[in-house]
Amino acid sequence: MITSPRINNTNFTSLKVELGELRFNHRYLVAVFDEGVDLNFENFSEITNIIKTQFENRPFGFISNRINSYSINLSDANKFNKMFPNLKAYAVVAHNPITEKVFEIEDHFFRFNRKSFRNIDKAIDWVDNTLSSL
């Protein structure tokens, strides 16, 4: 569940996908992946199609609200880096210290402009500011 008054309004499209829940507008996407999911390049294809359709070649942001525990196949990081060259702000909302440590490890594999937050509203502000400065 994505909980923020800034996201729970009519300016966002909500979708339930195989890997979890998405909310997106014309600038960025917010994702909550289901507990225990193992994200990899192949099973991310549904979301890839949504991103390509929604944002085309325009700069966009991605916020991962890590409420649940899940894994990312880091051997696929380079494929993700190449697939989304227009991803200009990637925020992670870490709800505990373990998630923050996982973010630090992942940061060695992904080339996106990435930042970790403890609060979804601060993550939204950073994504908005980053995209506005382009």
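Author: We start with a rule: two strands pair if DSSP finds at least two bridges between them. Keep in mind that this is a predicted model.

Reader: What makes β1 and β2 a pair of strands?
Author: Set the count against the rule: pairing needs at least two bridges, and 5 bridges join β1 (residues 13–17) to β2 (residues 20–24), so they pair. The two strands run antiparallel, and V17 stands opposite G20 in β2.

Reader: What joins β1 to β2, and through how many residues?
Author: A hairpin does that, through 2 residues.

Reader: Why is a group of residues called a nonpolar core?
Author: Because its members are buried residues from a nonpolar set, joined through side-chain atoms within 4.5 Å. Here the largest such core has 27 residues, and F33, F44, I51 and F62 have the most contacts inside it. Among the elements that each supply at least two of its residues are β2, β3 (28–33) and β5 (60–66). Helix α1 gives the most, with 4 residues.

Reader: Which residues does F33 touch?
Author: Leaving out residues up to four places away in sequence, F33 touches L19, G20, L39, F44, I47, F62, S64, N68 and Y70. To count as a contact, heavy atoms must lie within 4.5 Å.

Reader: Which residues does the second, separate core include?
Author: A89, I120, A123 and V127 are among its 15 residues.

Reader: Where is E56, and what is its phi?
Author: E56 sits in the loop between α1 and β5. Its phi is near 50°, a positive value in a residue other than glycine.

Methods:
Residues are numbered from 1 along each chain as its sequence is written. This is a predicted model: local features need pLDDT of at least 70, side-chain atom pairs count only at pLDDT 80 or more; totals for chains, interfaces and linings use all residues. Side-chain values use heavy atoms; hydrogens and water are left out. Buried means under 20% relative accessible area, exposed over 50%, partly exposed in between (1.4 Å probe, protein chains only).
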